[in-house]
Amino acid sequence: MYNTAKKQLWVGELRTAKGNAIVIHDNQLPSASPGRIYMFHTVRNTIVEFVEDIVKVNLHDLDDEQAKAAMAEFGDAWKAARAEFMLKHQSRIDLSKVPDTAPPRKAKPVAEPDEVVDSDDDDIPDFDDTDDDDDDTYDEMGDNLDD
């Protein structure tokens, strides 16, 4: 029966009501959606996504001679379909081989302190609060007492 744990490349027969077809399953293909598998279908000459639970019961192993004959007949078509499929599904990228493309970090500018003004060099004359007038006509709030 269908078992990909032993082999990287499994060649078998898919038996359905519509007819039988040789199928090839490769463990190196990108993972399909959960519960689905990708297999090369020789009659359709393309890689097809199957529902694993449905198709699994219809998959049957070929003996060694039949598998060799199938690969001799469909090997080139399989390789072409696999190459095309891998170009479309480049989700399996080895991230350790991808160069770091992030821009370099820029140093934050250091804030300079505000300029300290020397109080001795002021152009503004000091306010003289001496009251030469002894005018008692205004109270502390500046209101005229004569009103």
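Student: What should I know before I start?

Tutor: This is a predicted model, where local features need pLDDT of at least 70 and side-chain atom pairs count only at pLDDT 80 or more, while totals for chains, interfaces and linings use all residues. Residues are numbered from 1 along each chain as its sequence is written, and side-chain values use heavy atoms, with hydrogens and water left out.

Student: How many helices and strands does the chain have?

Tutor: Helices (H or I, at least four residues) and strands (E, at least two) are DSSP runs, numbered from the N terminus. Here there are two helices and five strands. Along the sequence the pattern is β-β-β-β-α-β-α.

Student: Which strands pair with E1?

Tutor: Two strands pair if DSSP finds at least two bridges between them. E1 and E2 run antiparallel, joined by eight bridges. They form a hairpin with two residues between them. E1 also pairs with strand E5 (residues 59-61), antiparallel, over three bridges. Take Glu 13: its bridge partner in E2 is Ile 22, and in E5 it is His 60.

Student: Where is the kink in helix H2 centred?

Tutor: The bend at a residue is the angle between axes fitted to the seven residues ending there and the seven starting there. In H2 (residues 64-88) a kink of about 60° is centred on Phe 74.

Student: What do the buried residues of H2 pack against?

Tutor: Buried means under 20% relative accessible area (1.4 Å probe, protein chains only). Phe 74 is one of the buried residues of H2, which also include Trp 78 and Phe 85. The buried residues of H2 pack against strands E1, E2, E3 and E4, where contact means heavy atoms within 4.5 Å.

Technical notes: Buried < 20%, exposed > 50% of the residue type's maximum accessible area, 1.4 Å probe, protein only.
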